[in-house]
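Here are my notes on the model you sent over.

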Amino acid sequence: MPDLYVESPLAHRNSPERLSIYLREIKDRGMVDLRGIASDKKFMAAAKKVLGLDLPKTPHSSVSWGDVKALWLSIDQWLILCPRAKAAELAAALTAELGVIHSLAVDVSDMRAVLRLEGEGVREVLLKGSSLDLLSGDYKPGAVRRMHYAEIAALLHVVEDTVFDLYVFRSYADYAWEFLLATAREASKIKLFGKQAGPF
Amino acid sequence: MSNKPYRLLEGGSRIDRSKRVTISFDGRQLPAFAGDTVASAVMANGSKLFGRSFKYHRPRGVVGLGSEEMNALVGVGDGARHEPNLRATQVEVFDGLHAVSQNRWPSLTFDVGALNSRFSRFLPGGFYYKTFMWPQSFWKHVYEPLIRKAAGLGRAPEGRDPDTYEHIHVHCDVLVVGGGLAGLTAAKAACASGLKVMLADENPELGGIADLTAGSIDGACVGDHAKAVAGQLYAAENVHVLNRATVVGHWHHNYLMIFERVADHDPALLAAGTPRHRLWKVRAKQVILATGAIERPITFANNDRPGIMLATAASAMVERYGVSPGVNGIVFTNNDNAYLTALGLKKVGIGVRIVDSRARAEGSLIARAISEGIEVSMGSVVSAVEGSQGVTAARIAAYRRGQGRVITERKIDCDFIAMSGGFNPALHLWCHNAGKIKFDENLQSFRPDRHHDAMQAVGAANGTMDVAATLAEAHAAGVAAAKAANGKAKAVKYKVPEVKEPTRAPLESLWFAPATGKYNEGNKHFVDFQNDVTAADLELAQREGYESVEHTKRYTTFGMATDQGKTSNLNGLGVLAEATGKSIPEIGVTTFRPPYTPFSFGSIAGVLTKNLFLPIRRTPIHQWHLDSGATFEPIGQWRRAYTYTGAGETKHTSINREILSVRQKVGLLDASTLGKIEIKGPDAAEFLDRMYTNTFSTLKAGKCRYGLMMNELGFLTDDGVTVRLAEDHFLMHTTSGGADRIAAWLEEWLQTEWTQYRVFVTPVTEQWAQFAIAGPRARNVLAKLGADFDISHEAFPHMSFKEGKLGGYPVRVFRISFSGEQSYEVATPANMGRGLWNAILEAGQELGIEPYGTEALHVLRAEKGFIVIGDETDGTTTPIDVGLEGLISKKKADFIGKRSLEQSFLKAPNRKQLVGLLTEVPTDVLPDGAYAVRALKDKPPMEMTGQVTSSYHSPTLERSIAMALIENGRARMGETLTFPIDGNKVIRAKIVDPVFYDKEGARQNA
């Protein structure tokens, strides 16, 4: 059997230069889309049995257990993050454990491109494409938000204070990448609020 | 031009005399200092002429101080970096700046269009409307080009804009608009609360006109006090100050747009790649408008001559730039403030006298002027001005309020006039956000009144003109805004500062300064300088019945164009009030519309140009398509490979080659764009029965079925093959363009109508790369690749499904066919798409596999008579119209659109029906959309009886084929239709069955 050839959405892109933040593609992330009724105790218990965590019910939040993370997407939908190699297995385990409980678990590891944005000023860079109040307390580490970014749909996950993961649908990966190259240029760096040098 | 030195020997708070720069104006090299504006630099060189007026081409100079400037519009920069219509008073100079005057031909001093002025008696208000009425067709080709050439502002830049622009969104607790004394005070008070405060100011420096304001605050002059507060705000951690940033619009819920000129003033910034402009989209919890007030000109005869400027502008020329507006001037006023200007001019040795329209007034500034020996003529007006390209003399006449004309005048030599008719609070942003306004008798102007949003106006913008009251009011507003934005904000106690300022006598309105004859020839009393609207025009409009001020505005163009009536609005209303005997509030005001000042198209576009103009969706095979010479076709936001044209081929020949390879050997299509939706739940089958016209609950697991979807109106909206993966689990395929729409449509029905259904819908389009392997050798390709499932026809017949591995890649394989050939659609996780694609090509090489594009796909399906939603349907087409009545269930109780199909209109006998067409001449290919006519006539209109929906050359059949929607078409088989097309050509075509090839479907079942 030949080796399988696997290519991430942004595999053909070089690492960018002269940006005000650190930008790269995360290639090793597995993703499982999980649907179920949060008020169904059997569903929540079965999910916990497989994932080791209580699926978050608080909007825009996330929960971690080991190398698995559950992002709240809507009242009956979660995105389960895990190492890529584990995703198919996890989706199958969820489906098996959930059995006849009304639910749907799908391995969607290839559906989105994951962009890691890191550094001082990362929020300002994102604000060039988003009208969310990213400087507010709503966007602390762990926060999750489906959003309109630039002209496309995206999912934002605050990993750390200055580390963000931006999920976009695979076909828009190049567009999102190019939008970031344009808005994160070193020459267009901006800091919102704080001490300023005064007019110059 | 004059040889007099206009640059004073000392002074000028904004300029740095140690930094000399050279700019050019209309090609003339002019020395200037860093800190100058184009206005001050040109005036420092003794020139007052900046441009020609819009309609009469009258010579015009600088009138204003900043963004209210309406005359001195210049074009700046060369070629692709040229920007027209900039206010010379706002353009900061740098070494090598190129500016040009506008609206003059061939030169500024000699202008052919100025003949308009000579013939101005023939150019009254509404002239264009009255003259260029008829015939209608002349508008586009004769009148409009002529008017555009004669009237107008600057020219557009040439070539692509080399600079970058961007947008940014920001939320703040308090946004203060305007960085003058009021804005600074309010921002400082709000800042103390610790909340997020923004301060936007359109000038390079904060302070507004604090530096031109008389008095002191706690012992410091007003300008120094402002500077100190500005310094505190720059240093604060919770404040963001924007300089050179104009708030251009203010909308409901305190959404504001700020136009920041980031790099215009410094070519080094531009060269470094700094965005030239940045557009801020701000959502503020609280807005404080400290937009100041705009000085009013006075309407007197020939008040537009170069050298006549606003009093504050004259003061600023001296104080800020060390530029003298002339050597011997007149300050013409109806208020005390302009006395400051006179005192300032006198202090630097410029000759000045004061003409005051008020009969008497007692204020400390007046007393000071008299005591310093300035000649003050009370109860007097400037009744006319002499000189054309500048002022040579003014005529002064005695005046009492309401006086209609002047009997005697005396002539006084002078070379400039500084005028002040009072101040109008800048209400634009207040009104953009639907704030109401009221007339204030003391100010003789409108000021803010009621409003519904979280906004306040302070300082001059609120009609508060003195320093002590402004400080108190602005501080209170800052504290209140912080408190309202966040209940926990701590209030800052107001420490009443010690303020010293002159006492002021009240102003008296002066809407029109009379001349000897009311409007004698050559004496124009301009109200709106930018649009050349005079007091006479406004009165004429009234006499002609344009009573509503909004009608007067449009008829005369008063208050329109780039300055949006900043200086003209109230004077115009005053003239109208006097002409009609009504009060100004009875006349009303015209609407303030965004933008406050014009802003650049570049800033509106931001980074969304070129490759970012439109989001483009790429399939996992996109790069291979690019590398393989594909041309692309847009399908929604996707780009799909249209055809792969090799060396020595045309698109036509490559398309034919691709088609024949599918018919004779095997082809490979990238169908990844196809919509894919997983649907699961105990009620999934019943749900699908309701969504589709045909039945899916009877479909067996592992089988595929083609489905038709209608909207509630009974019209076709989507189609595709749905697979039953398991009893309660389906995979729906939609059209490429319909993927998102149909997923949302399914969710909508589940969430709003059929909430009892236990069904989950998860779109997975992008998870899969999907390819069609189609052609008589398709199965051989699968065999060659190596499948871990039985691929024999018996085990894997048409319309069935397998899951397994192909060439080692995990796949879902659907035996479905859109080409009519033996065909397998193979889906693999997207990241493996490219690997499987390569493997298929490699395995198929010896079988003659060729990739084919979307055009071949379309011809293949047309040969088979398969419809495409959006080609054969147009949103008013039913399944019956396209001959798919057999897919409408007669057994199901209900499904979307069922009831609508019972409407008489959709059952009418003469509806257009899908048919095939064969042209009489086989090489004729009907144009898409060509109309069949009932009877051919010499020229349109002709009665139409249907239209071509798809039309191709079929290499399989070696002739053209077409599909069409024709009235009652199915009953008209064999009839020949007539299609008149471009170039007087007529194509005749016979109605036939729409299935042109392999009617029995033997090939796809092979």
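1. First, a term: a residue is buried if 20 or more other C-beta atoms lie within 10 Å of its own, exposed if 12 or fewer, and partly exposed in between, with C-beta atoms placed from the backbone. By that count, 42% of the 200 residues of chain A are buried. Bear in mind that this is a predicted model, where local features need pLDDT of at least 70, side-chain atom pairs count only at pLDDT 80 or more, and totals for chains, interfaces and linings use all residues. Residues are numbered from 1 along each chain as its sequence is written, and chains are lettered from A and ligands numbered from 1 in the order in which they are written.

2. Chain A has 4 helices and 10 strands (DSSP runs numbered from the N terminus: helices are H or I with at least four residues, strands are E with at least two). Reading from the N terminus, the order is β-β-α-β-β-β-α-β-β-α-β-β-β-α. The C-alpha trace spans about 65 × 45 × 30 Å along its principal axes. A compact globule of 200 residues would have a radius of gyration near 16 Å, and the 18 Å of chain A agrees with that (taken over C-alpha atoms; the rule is 2.2 Å times the number of residues to the power 0.38).

3. Now the contact between the chains: chain A puts in 46 residues and chain B 50 (two residues are in contact if their C-beta atoms, placed from the backbone, lie within 7 Å). On the chain A side, S2 (29-36), S6 (103-107) and H4 (173-183) each give two or more residues. H4(A) gives the most, with 6 residues. By type, that side of chain A has 22 nonpolar, 12 polar and 12 charged residues (Ala, Val, Leu, Ile, Met, Phe, Trp, Tyr, Cys and Pro are nonpolar, Asp, Glu, Lys and Arg charged, and the others, Gly among them, polar).

4. In chain B, look at the open sheet of 6 strands, ordered S41-S42-S43-S40-S34-S44 with mixed pairing (two strands pair if DSSP finds at least two bridges between them).

5. Helix H19 (651-664) of chain B lies across S34, S40 and S44, at about 115 degrees to S34(B). (Axes are lines fitted to C-alpha atoms, for helices over the stretch in contact; angles run from 0 to 180 degrees between N-to-C directions.)

6. Which way do the residues of S12 (239-242) of chain B point? Val239(B) and Val241(B) go one way, His240(B) and Leu242(B) the other, and all are buried. S12(B) pairs in the parallel sense with S9 (197-200) of chain B over 4 bridges, with Ala200(B) opposite Leu242(B).

7. Last, helix H13 (535-543) of chain B: its buried residues include Asp537(B) and Glu539(B). The buried residues of H13(B) pack against S30 (526-528), S31 (533-534), H14 (549-556) and H15 (569-580) of chain B. Just after the helix, Gly545(B) has a positive phi of about 100 degrees.
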